[in-house]
Amino acid sequence: MIRKGNMIYADIIIDISHEKLDRTFQYKVPDSLQDALRPGMVVEVPFGSGNHIRKGYVIGFSNETDYEPERIKEIKGLSNDGETTEGRLIGLAAWMKEYCGSTMIQALKTVLPVQEKIKAKEKRLIILTADREAAQTELQMLQKGRTKARARFLEALLNADGVLPYEEAGKIGAAKAVLDYFVQAGYVEIGSEEVVRTGMTSGMEQPLERHELTKEQYAAACAIQEEWSQEQPRPVLIHGVTGSGKTEVYMELIRQVLEQGRQVIVLIPEIALTYQTVRRFHSRFADKVSVLNSRMSPAVRYDQFKLAAQGNIQVMVGPRSALFTPFPDLGLIIIDEEHEASYKSENSPRYHARETAVKRAELEGANVVLGSATPSMEAYSRAKSGEYRLVKLESRFAGRNLPTVEIVDLREELKQGNRSMFSRKLREEMDRCLENQEQVMLFLNRRGYAGFVSCRACGTVMKCPHCDVSLSEHNNGKLICHYCGYTIPKPKSCPECGSPYIGGFKAGTQQIEQAIQRIYPKARVKRMDFDTTRKKGSYEEILSSFAAHEADILIGTQMIVKGHDFPDVTLVGVIAADMSLNADDYRCAERTFQLLTQAVGRSGRGEKCGKALIQTYHPAHYSIQTAAVQDYEAFYQEEMGYRMLMDYPPAARLMAILGAGEDEELLEQGMQYIAGFIHTFNKDASLKMIGPAPASVGKVKDVYRRVLYIKHNNTSVLVSLKNKVEKYIEINPGFRNMRIQFDFS
Ligand code: ADP
Ligand code: ZN
Ligand code: ZN
């Protein structure tokens, strides 16, 4: 926090456990505290008409006040409480406000567990306590027998992820006798939400014996300890191929930190937060562990955080927001699959869990460990520069081999007269697989309609000549660049080869499913995409049923590349690598490499060797070539060259100014004004400005969106520019009717 000159006033919140954090009070800063005061510090202030002394948190400073200066009270002094967890989180919020671009209130609401006014009533729940597999076996037995009511009940419970509201039992026709049967058999317990959250109930599982680490895993854990023994330990990036045992290493590190009496946060992408993963942590650390997910109500979340603050749990596993678990003595933050896009918040403050974790760790003297088989360009470039420490795991556990990969050129297929979604090679391999009673996964790396326009004869994609990203088709028959706004009419034939087969690229999971069923009427097919997983628990259900070989072919979007091991899968087919490769943003090659690497890694997890086929119109593209041979380093080099050439992150920093408003003309004008304003700070032309252009989702529910991009290689230059723009917007009433937000990457 940079403070210039004397800050006369401090903004203070008195009660942070209240829903309305917005209520801040201004106090004079006494001279004696001018240098010492920082956001997050606890102070004592006179409050109310009686001037009772209350504790308050400093959240920011200013030189001005809207009140009569004589009437503003003075801070009495620092509180004896010293540092508190809340205080440190408020310090983190102040950092987020500054570096992610948001208001302090938005930042505070993100980091602090805010109590809802109305607490959710304690609901009675029916909870499956038996092992899921055991329950499934039981269900099969019941279904064969004449105990239909019991079967129906257990099935419903399994479908609901093992937790049903008590009232539901009646609705599905389960009499009390049915319930009692399962309770007595030790399958089920009746409990409150509390039980679900924390203990996963008493009967969950015995803690498993610790796995002996392999030599390579042990070396990795030692290297990390060595880093931690340094005076200023750096964040560690574990670059480990899929199945190399990153999770085993995490668990060893967690054990060590717990032994020191400190706590651990483990971030896992929501989609990978499956029963299997959670169980692994539970069986190792038992009731020390709790799990967060984004479906929880704010009240449940609040209680979870309270448990953490009170020291009732020591490990919190969860998605992005678990990062703010208020542990009193945080020792370690682990971020698994650190490259995942879901670690970046889509709302203000648009923070990235990675940077925020590093900052929180810095404020609290904790360590950070990141892990991925396909590290983000950001993390890897930092590892290369020495800002992070790089640790590698290069072999799969138990020496299982990576599958053989073949790239299929779809342009060739068209030449040979094959216009279907499946190449001849893929058909051949699927035939073989199904004949041998092995399983197939078909993967479509984006859902539905892709937006870009390409030529099916030569593969040419219509791109922006300035930004080198794909143009998107709009319904006015035009193609547009979402970075700079460059627009051309949609061509009728391919500008490269003249072929009339040019157009939007469409392929949906549903279409693939229908086509597969026509070709293989006997095959059992399951589909996993947004539509089939909307119901709670359905994601898990599809995966576990496929893992149990209850289907031969699983078709899906990126969802299928995470989670379960499928030992019988020997073929993975990527229907069209182009779907993600031609997305309209600069990260598309990186995303494609990540998705392909993970998809390929799904094949051959069992005893049998695996195979993967990648269909594409761009067989020579480096992201496809390098993914096929699983050569991360080669990919990184190529991609970094592109980022440097185009000044895209991490070669430079990119600040997006996002505008939204109902009046399109006014919004356009406003964005132009901002562009003009920024221009006045660009005398040396070191800022590169692109746009304003319509955002990639240009209009949602009658709200128009525009975006302006600024590139610069120095973060603090962009941050100070952001502060200037914020002020500019604040004092110009013209901006009242639009919403301006910032987004750093
Ligand atoms: P990653 O997180 O790198 O994908 P995992 O930790 O999930 O890898 O390990 C892959 C599989 O190998 C898991 O089923 C895990 O239990 C097993 N495994 C890994 N290391 C060991 C070990 N040292 N001892 C026993 N099993 C291991
Ligand atoms: Zn062409
Ligand atoms: Zn452009």
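Proline 349 lies in the loop between β13 (330-336) and α12 (353-364); helices (H or I, at least four residues) and strands (E, at least two) are DSSP runs, numbered from the N terminus. The peptide bond that joins serine 348 to proline 349 is cis, with omega near -5°. Most peptide bonds are trans, and most residues other than glycine have a negative phi.

The model is predicted: local features need pLDDT of at least 70 and side-chain atom pairs count only at pLDDT 80 or more, whereas totals for chains, interfaces and linings use all residues. Residues are numbered from 1 along each chain as its sequence is written, chains are lettered from A and ligands numbered from 1 in the order in which they are written, and side-chain values use heavy atoms, with hydrogens and water left out.

Positive phi values occur at glutamine 630, near 55°, and at aspartate 647, near 60°. Glutamine 630 lies in the loop between α20 (622-628) and α21 (632-646), and aspartate 647 in the loop between α21 and β27 (653-661). Glutamine 630 counts as partly exposed because its relative accessibility is 23%, where buried means under 20% relative accessible area, exposed over 50%, and partly exposed in between (1.4 Å probe, protein chains only).

The zinc ion (ligand 3) is coordinated by the SG atoms of Cys464, Cys467, Cys481 and Cys484, at 2.2 to 2.4 Å; donors are N, O and S atoms within 2.8 Å of the metal (3.2 Å for Na, K and Ca). The angles among the four donor atoms are 108 to 113°, and the site is tetrahedral, a term that requires all angles of four donors to lie between 85 and 135 degrees. Along the chain, the donors follow the spacing C-x2-C-x13-C-x2-C. Cysteine 464 is buried, since its relative accessible area is 2%.

Ligand 1 has 14 residues around it, of which Glu212, Gln217, Lys246, Thr247 and Arg280 come nearest; a residue is near a molecule if one of its heavy atoms lies within 4 Å of it. Helix α9 (residues 246-259) gives the most to this shell, with three residues. Polar contacts (pairs of N or O atoms within 3.5 Å) also reach oxygen atoms of ligand 1: a polar side-chain atom of threonine 247 lies 2.8 Å from one, a polar backbone atom of glycine 245 is 3.0 Å from one, and a backbone N or O atom of serine 244 lies 3.3 Å from one.

Technical notes: A polar contact is a pair of N or O atoms within 3.5 Å; within protein, one must be able to donate a hydrogen and the other to accept it, and residues adjacent in sequence count only if both atoms are side-chain atoms. Four donors count as tetrahedral if all angles lie between 85 and 135 degrees; four count as square planar and six as octahedral if opposite donors are over 155 degrees apart and all others between 65 and 115; anything else is irregular.
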